[in-house]
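Here is a short note to read beside the coordinates. Please check each point against the model as you go.

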Amino acid sequence: MISKKDVQAFGEKHRILRQDNAFIYILPHPKLRAHIAVYTISFPTSAFISDKTTILPYGNAGLVVEYSRKNLTAHLYGAATKPCLIYTPSEMIVTVDFKPAGLYLLLSVNQNELTDKILSFEEVSSALNKRIFEMIEKANCIAELVADLDTLFLENMHGSYPTQLNMAINHVMDYSGMITVKKLANDIHYSERHLSRIFQQYVGTGVKTFARLVRMNAACLMLQNFENSIEVVSELAGFQDPSHFVRDFELLSGISPKTYRANMSDFHNEIATSLPYN
């Protein structure tokens, strides 16, 4: 079983997105990067993380495996449109952040059925759940665990989705969410109705909701730079005035931009928002 001392020992520096004494964000295998954003391995302590962590909604799904008191539990988080809490008295947490539509390739399940749900991964796929538990228990170092996760997902992500969906997601991200459904549909030559249908099936949210989530998460990234005032972030995020930005931010996250900025360690860093889709 790996431990916190292994965080600094991970040798593939080109795969590290972010690292501290208690956590590490690692890129998946290159062939998985269109569908999985990042693996996160963390060892929660009061110095680095609160006893509960909020996941801000982004429209992507995630798998969270927790190790505590020699027991492993795994939960699948469907595409989120509202914030949810992870309680973290755990000794270790392994998280797989899928990119939008990425989970569909693993499970081939209509993602609209999973939206805003938290499910026992064992009930969703007992075989995959068992393999992940075995990997974590036998891993002697983080590099070994990451290699095993790569192998698992390379072997099991076999589904497919329309090419136009990939184009549409990229387009929304290129515009940082500031694009209308009508323009998006025109740009990829789909009807608005059909575009909404494939987003619901493969991503788990409607187009408008997904664009709004991308827009707000882009604002979160800007808020992490303390040189940007809330007024500047509001303008860069395309809002007419800061009051509208604060209102929409609170609707998405349940807190104000100022509170988010003051308590960023209490939030799971959706690093997927800072990465291109492919």
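1. Basis. This is a predicted model, in which local features need pLDDT of at least 70, side-chain atom pairs count only at pLDDT 80 or more, and totals for chains, interfaces and linings use all residues. Residues are numbered from 1 along each chain as its sequence is written, and side-chain values use heavy atoms, with hydrogens and water left out.

2. Aromatic pairs. Rings of Phe, Tyr and Trp (its six-membered ring) pair if their centres lie within 6.5 Å; planes under 30 degrees apart are stacked, over 60 edge-to-face, and the rest tilted. The count by this rule is nine aromatic pairs. Phe98 and Phe153 have ring centres 6.0 Å apart and planes at 90 degrees, so this pair is edge-to-face. Because Phe98 lies in strand β8 (residues 92–98) and Phe153 in helix α4 (residues 142–156), the pair ties together parts that are 55 residues apart in sequence. Helices (H or I, at least four residues) and strands (E, at least two) are DSSP runs, numbered from the N terminus.

3. Burial of that pair. Buried means under 20% relative accessible area, exposed over 50%, and partly exposed in between (1.4 Å probe, protein chains only). Phe98 is buried at 1%, and Phe153 is buried at 2%.

4. Ring cluster and charges. Phe239, Phe245, Phe249 and Tyr260 are linked by ring pairs into a cluster. A charge sits over a ring if NZ of Lys or CZ of Arg is within 6 Å of the ring centre and within 35 degrees of the ring normal. The charged end of Arg215 sits over the ring of Phe239, 3.9 Å from its centre. For Arg261, the charged end sits over the ring of Phe226, 5.0 Å from the centre.

5. Helices α3 and α4. Axes are lines fitted to C-alpha atoms, for helices over the stretch in contact, with angles from 0 to 180 degrees between N-to-C directions. The axes of α3 (residues 126–138) and α4 come within 9 Å and cross at roughly 160 degrees. The two helices are therefore roughly antiparallel (angles under 35 degrees count as roughly parallel, over 145 as roughly antiparallel, 65 to 115 as roughly perpendicular and the rest as oblique). Residues of α3 that meet α4 include Leu128, Ile132 and Met135, and those of α4 include Leu145, Leu149 and Leu152.

6. Helices α8 and α10. Helix α8 (residues 207–223) packs against α10 (residues 242–253) at about 105 degrees, with the axes 11 Å apart. That makes α8 roughly perpendicular to α10. Among the residues that meet are Leu213 and Met216 in α8, and Phe245 and Phe249 in α10; Phe245 and Phe249 also belong to the ring cluster.

7. Arg15, in the segment before β1 (16–19), is buried at 7% relative accessibility. Beyond its neighbours within four places in sequence, its contacts (heavy atoms within 4.5 Å) include Tyr25, Tyr39 and Asp150. Ser90, in the loop between β7 (84–87) and β8, is buried at 4%. Its C-alpha is 5.7 Å from that of Tyr67, 23 residues away in sequence.

8. Most residues other than glycine have a negative phi. Asp116 is not a glycine, yet has a positive phi of about 60 degrees; Asp116 is partly exposed at 29% relative accessible area. His189, with a positive phi near 60 degrees, lies in the loop between α6 (181–188) and α7 (192–202) and is exposed at 71%.
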